[in-house]
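The following note sets out points for a colleague examining this model. It begins with a sheet and then turns to helix packing, the chains and confidence.

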Amino acid sequence: MTALLSVRDLSKHFRGLAAVSHVSFDVNPGEIFAIIGPNGAGKTTLFNMIAGAMAPNGGTITFAGEHIEGLRSDQVAQRGIGRTFQVVKPFPALTVEDNVVVGALMRTNALGEARKVAHEVLTQLDLIGKRDQLASSLTLPDRKRLEVARALATRPQLLLLDEVMAGLRPTETDRIVSILRDLNRSGLTILLIEHVMRAVTALASRILVLHHGAAIAEGTPDDVLRNPAVIESYLGAEAL
Amino acid sequence: MSGLWHNAGWHGKAIALLLLLAFLAAPLVSDRYLLSVLILVFYFAYLGQAWNLLMGFAGQLSLGHALYLGLGAYTATALWTLFGIGPWIGVFIAIPVAAAAGMFVGWLGWRFAIEGVYFALLTIAFAEFTRIGFDHLQITGASGGLFLSVNGPGADKWWNLGGGPLLYYYLSLILAVGATFLVARLRQSSLGYRWLAVRENPEAAQAVGINIFRARMIAMLISSSMTAVGGVFYGFYYRNLFPSQVFDISRSIELILAPIIGGLGTIFGPVVGAIILTPLGESLTGLMEAFGINAPGAKLIFYGIVLMIIISLRPDGVWPWLARHLKLDGARK
């Protein structure tokens, strides 16, 4: 199977600090791939390079057969990669619906069509009842789902989720987990960065573990979570 | 606009139509003075729309719109006085001249990630050094000013904007109404949504595929072009131009007051703001005379106090509040 996203030897340095060094992995079409690791492991830097928010210092990123490393984030989005932000970035003065309409306008210039797409996505994410509220009035769990909705409205092939479950209560986490599972079943490939292990084990088919900017393990959840190096560096004593 | 028109309730439509009819019929009952005040109302509503497009919609603060106003005014009036080219042709040369300046300022700022107050400083700088340049440009009279003759060949013809106040009254009304229609239409387009997204959060806008540089440049292109047309109006209405007046920062400031007072980023804000501000300035002048106050600057002090009161009472502008009270569902528009 050819990978949808292929990362090879990717590196990013900030002055002397190697935030990400020589990381390689493949995400296959239709899978849910998770990246985990302790704070400061380089997850978000890696993520930002894939999404075009940051240019790498070395290595390649191939998406659907095309090199995308160094492209601007709007060009990456146009090619079919949707993303959310770890610190949510809604358009606060716009309504929930208009937030999602802006996303849908990436694929069409017709407002009626964009509104239709927005309604579908808002229904999928359980936000349809709040469509006329201003985004600034939403609670954090709703804002997190709005992030996902806006990204989905661009009709991506690959969805990048940056700690979309952080700060949520377990019931809200389960709600997003089941939404993501449905989306994945309908063919969407998902790459997620997550701290909430409950969500990672429930969703991911494969996991990559980052530590000090380097990949220290990769495999199925069972393999990775039993890996002694992972337990020592990340899961720590609580898992033992 | 069609969308906005359909969305407006029946009394929103009624108010809009009545207001338009009143303005159309106003010259029948107004004296010259009232007419000149209304011309200023429409002029500031028009320029307010142009500036609000860039600031209110695309979120980019320009404090140097006098640059485009002045370039528009000077281009068209110089073409007329030097070559006898009338304003209806001149305006189509004035627009690209001002738009090119706007695109250059925009490119310089946004290409090199100069944003917010730094971008505003850049816009001031360009207006200021253009003023100094024109102060020394002999062909347009340098600091001595450029004057339009009132008795040259064809100067009194309406097609050379040589008519009386009535011509300028309807011209300014058409400009204000036209600009409001244009802005409403743009707001309801996919471009309008992209502008709002860029204003609200550039990073998130880019993540949904919006080329933020291009979106801002288009806003600048339209805004500076519209302002140039206002400049042509200014030049032919006042019939004299001085660099120290038309390019002055006070020109840039006075044209942003109406949208701020009326409601930033709203369609009717600039109109409501202009309807409040121009008569306010005029009536303060009258009051000062009535009370025999003629200390220099006294009028501006009172004008400033009233602006502060309005802003502190209605920080979002008067229009959103007014729209709520008139039960018009355009409060956020």
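**Notes on the predicted model**

1. In chain A, six strands make up an open sheet of mixed pairing, ordered E6-E7-E8-E3-E9-E10. Strands are DSSP runs of E of at least two residues, helices are runs of H or I of at least four, and both are numbered from the N terminus; two strands pair if DSSP finds at least two bridges between them. At the edges lie strand E6 (81–83) and strand E10 (214–219) of chain A, each pairing on one side only. Direction ignored, neighbouring strands of the sheet are turned by 20° against each other on average.

2. This is a predicted model, in which local features need pLDDT of at least 70, side-chain atom pairs count only at pLDDT 80 or more, and totals for chains, interfaces and linings use all residues. Residues are numbered from 1 along each chain as its sequence is written, while chains are lettered from A and ligands numbered from 1 in the order in which they are written.

3. Within the sheet, strand E7 (residues 158–162) and strand E8 (residues 189–193) of chain A pair in the parallel sense over five bridges. A:Leu160 stands opposite A:Leu191 of E8(A). Helix H1 (residues 43–51) of chain A packs on the sheet, where it touches strand E3 (32–36), E6, E7, E8 and strand E9 (206–211), and its direction makes about 150° with that of E7(A). Contact here requires C-beta atoms, placed from the backbone, within 7 Å; angles run from 0 to 180 degrees between N-to-C directions, and axes are lines fitted to C-alpha atoms, for helices over the stretch in contact.

4. The axes of helix H3 (residues 96–104) and helix H5 (residues 140–152) of chain A come within 7 Å and cross at roughly 35°. From H3(A), A:Val96, A:Asn99, A:Val100 and A:Gly103 meet A:Leu146, A:Ala149, A:Arg150 and A:Ala151 of H5(A).

5. Chain A has nine helices and 10 strands, whereas chain B has 15 helices and two strands. Along the principal axes, the C-alpha atoms of chain A fill a box of roughly 50 × 40 × 35 Å, and the C-alpha trace of chain B spans about 55 × 50 × 40 Å.

6. Among contacts between residues at least 6 apart in sequence, 63% in chain A join residues at least 24 apart; the corresponding value in chain B is 77%.

7. As to confidence, the model scores ipTM 0.90 and pTM 0.91. Chain B averages a pLDDT (the predictor's confidence in each residue, from 0 to 100) of 89, and 93% of its residues score at least 70.

Methods:
Contact = placed C-beta atoms within 7 Å.
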